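My entries follow the display.

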Amino acid sequence: MQENDFLNANINSYLNCVHCGKCLPVCPTYNISLNEFYSPRGRVRLILTDNADTMPLGVSKVAEAMSTCLLCGRCVNICPNDVKIGDLIINEKIKLNKLNKLKNGTLFSLDKLALRTLKNKRKILLKSALKFANIPIIEFLSKRYAPKPEGKSFITDRDYKFKPEGKRVNKNNLKVGYFSGCVFNSIYPQISEDTVSALIKNGVSVYVPANQECCGLPFISSGDISSFKDLALNNVNAFKDKDTDYIITSCASCSYSINKLYPLYFNKNDGGYNDVLNFSKKLINIWSFFKIAEKMGMDIKIGELKNEVEAVFHIPCHLSNLSGFKPSSYNEGLIGEAGLIADKINGLKLKPLKHNYCCGNGGMFNIRHYDFSKGITRRKFEEIKEASPQSILTSCSGCMFSLSDQRGILKEKDTLPVNHLISIYAQSLKE
Amino acid sequence: MNQKLISEFEELLGKSRVLSEKEELLCYSYDAASKDFMPDVVVFPLNAGEISKIVKLCLKHDTPVVGRGSGSGFSGGSLPLKGGVVVSFTKMNHILEIDEENMFVTVEPGVINADLKSYLADKGYFYPPDPASYEFSTIGGNVAECSGGPSAVKYGVTKEYVAALEVITGDGEIINTGSKTVKDVSGYNLTQLMVGSEGTLGLFSKITLKFLSKPEANSLILVSFDDKDKGFKAAISLLKLRNKPSMLEFMDKSSIESVKSYFKSDIIKIEGAFLFIVEADGSQVEVDKSNAEYKKILKEFSPVFLFSSGNEEEKRVIMEARKAISPSLRKYGDLKINNDIAVPINKIIETLSFIEGVSKTYNIPIINFGHFGDGNIHVNIMLNKDDIDMVERGEKAKFEILRKTVELGGSLSGEHGIGLEKKEFMKLKYNDYYMNILKNIKKVFDPQNIINPGKIF
């Protein structure tokens with residue numbers, strides 16, 4: 001597997017594993033199964049054995065261990081020896097995928113349809129599939145929830161430019177591009193509207209190119225590197241040569257994919273390598289953007305909610321902005337950079353979550369291992385219940401799916417609303 | 001392995017609590033020590049009755065049975081040396097009862113140490129034993145290995161807290177030892193015999209632990225010296241105080257280097273060759289008083305660096321760095337011979353000087369850190385796996401260090417246990433007569449030698 005130089009560096013990181021066990025309790029799948037076959041340390045051992053060829057291993061069993069990894073990155077964050085577990089798992093999936101293609105088709109494609117709909121340009125398939133899945137009888141038969149697409153897609157067939165509102169217009173205004181990601185385009189388009197609205201109200205001009213697509217995370221996490229690279233290049237080109245200071249996303253998983261994974265899977269010999277790096281560097285999540293803008297002197301508008309709300313903010317695993325971050329307010333201490341925006345909403349009171357557990361979504365993990373996923377989500381709701389909020393906030397498409405899907409998991413009669421924090425902020429600016 | 005035994009387990013526990021595919025077994029073939037052994041089957045019992053039946057099935061099929069918590073031990077205690085059955089306690093992870101009047105808590109063995117600490121802390125209580133692995137190691141494993149950590153200098157090790165046990169012996173019988181009383185001299189003290197028995201006398205199903213009230217506050221001082229002798233004299237004078245530190249850890253130059261990044265130079269800029277972490281705990285008034293007194297004493301020994309932590313973030317950074325030393329040493333070699341000798345405190349300087357000599361003689365890096373306050377030094381001999389000559393030199397170095405330890409009146413293992421890693425060195429300390437007593441004790445509890453065979457002796 002010589003996709004890239006990175007792999008030579010990262011793949012060998014499994015040799016650094018001293019199997020100390022520190023990764024066990026932070027792993028969502030280990031925590032639910034309490035079985036080391038579903039642990040980071042176990043997965044590393046399987047990869048190591050598979051690569052060293054010291055013992056013949058069953059492909060489907062190894063594939064099961066890999067496909068049950070949510071790529072949440074919690075083990076990577078605490079590993080004292082810097083073992084790049086997530087990258088190793090992706091790499092192993094690519095390898096298994098290739099192996100299996102030689103025999104009997106794509107391995108990680110029980111969900112071929114889901115992936116195909118995401119690759120479709122105008123997301124018509126995605127919408128129709130979800131509408132179909134929402135027909136009560138189908139929902140009943142499939143025994144699972146499918147999010148209901150809200151209204152029209154955010155991205156249309158032409159590029160859009162949103163000008164800053166009100167008096168805040170001046171020469172030094174920041175100019176950003178907006179990357180919606182597929183979920184905040186097709187399923188929750190309101191979140192894209194709200195993000196743009198919050199930006200323009202703060203004097204930022206926003207450019208939305210029509211030609212953007214899915215970030216590619218569902219593909220790379222399925223071992224389909226070629227679709228991933230196609231989508232990545234398409235996104236890179238959509239924003240190329242446009243006059244923007246930053247490119248912003250409101251989805252934690254899109255930022256993980258673009259910031260962390262894009263640079264890893266392109267190498268110097270690939271066409272567009274430098275463009276990919278530039279795009280990856282330029283893209284930041286909405287919370288980091290406001291933090292930077294504030295440092296540059298932006299006077300971030302304060303909003304006001306009509307009715308006071310006590311909420312919890314679920315920190316998406318892919319929004320790893322807590323390590324090394326020095327909080328400057330109570331809210332920042334609770335939730336990291338996003339706390340800055342929470343500070344700007346009068347009437348929003350954040351309550352702490354004791355453990356900040358994973359929501360259990362993990363993108364394709366939720367589709368492939370629905371019951372496993374639900375077990376992790378249940379634990380999340382137990383922690384939410386302890387905080388007894390009136391509302392759940394987050395900032396990732398995957399988290400919004402699982403939290404909305406399972407909000408009745410503890411048999412609560414009153415199900416809590418699940419919202420993106422940026423929507424609450426946008427709303428507070430209107431009120 | 002006999003397929004029949006696997007079927008019998010499946011019948012007893014259900015298929016979901018029996019692992020027998022080799023890819024699954026591979027994930028149970030190691031712990032934090034350096035050797036690997038494949039089990040034949042892994043089972044997940046939920047209570048004493050099931051464990052008893054598991055042991056009886058193993059007796060019938062004459063198959064070894066080895067207990068396992070998080071598999072984070074350093075001496076190979078949870079490794080199935082002779083194959084057989086690994087009993088994973090991870091699904092027995094409930095806190096069964098808290099007795100606040102008598103201040104005892106009863107737990108299943110699979111409870112993670114940190115979870116128990118946090119459960120008790122929420123109620124204003126404190127469970128002191130704090131092995132570096134406390135965030136992931138289980139109470140069952142802690143009891144089996146008699147784990148200790150930095151707090152041992154003031155609060156002692158696991159054995160001080162175990163009051164009663166439910167144990168399944170090698171006959172598959174369930175016995176209950178000890179009681180929730182401070183005083184208990186009814187017959188031999190089997191509770192304490194079980195603590196630190198490294199899973200060789202039986203499998204625990206219930207553990208009753210004493211707990212304390214939580215100290216109101218604590219403070220940390222980081223202090224370092226260029227001169228080893230001065231540093232150690234300074235540390236010893238702190239230990240004589242009535243309000244002695246609740247933690248007194250030391251790191252040598254290489255261990256400081258290995259975790260320097262954890263200290264985040266913008267927060268704490270480390271200098272010096274010997275570093276101590278000193279903790280005071282108690283009421284806020286006591287802590288302030290101790291902190292001032294420690295600083296005054298330390299300054300008399302001309303430290304090159306003295307940092308008193310002001311906030312929780314700094315304390316967290318310091319403790320994260322301390323915990324990260326052991327796993328971070330990998331950069332010095334891919335094979336670590338990890339010795340956790342303990343010597344009388346006044347012999348620490350002599351021991352370290354001796355180790356320095358050994359390191360030079362055999363030309364191998366040896367990195368030392370550990371619990372100065374209780375004389376427990378982690379001596380890490382760092383080797384390259386593929387360099388056969390070096391590995392041989394490492395083994396010789398280990399032998400010399402252990403021999404010296406015994407000569408100075410110390411112990412072969414302060415925390416990790418003998419397990420597989422040190423059993424050949426038992427003869428340095430004990431003669432045949434003594435070893436026979438140990439073996440006969442094992443025979444009483446495990447006549448067929450099926451419980452974790454091949455460990456300790």
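Which residue in E5(A) is the bridge partner of Thr249(A)? I found Asn285(A) as that partner.

Before going on, I noted that this is a predicted model, where local features need pLDDT of at least 70, side-chain atom pairs count only at pLDDT 80 or more, and totals for chains, interfaces and linings use all residues. Residues are numbered from 1 along each chain as its sequence is written, while chains are lettered from A and ligands numbered from 1 in the order in which they are written.

Chain A, strands. I read helices (H or I, at least four residues) and strands (E, at least two) as DSSP runs, numbered from the N terminus; two strands pair if DSSP finds at least two bridges between them. E4(A) and strand E5 (residues 283-285) of chain A pair in the parallel sense over three bridges. Strand E2 (residues 175-179) of chain A is joined in parallel to E4 (residues 246-249) by four bridges. There, Val176(A) stands opposite Tyr246(A) of E4(A).

Chain B, strands. I traced an open, mixed sheet of four strands, ordered E1-E2-E4-E3. E1 (18-19) and E3 (65-68) of chain B are at the edges with a single partner strand each, so one side of each has no neighbour in the sheet. E1(B) pairs with E2 (residues 41-43) of chain B in the antiparallel sense over two bridges. Leu19(B) has Val42(B) in E2(B) as its bridge partner.
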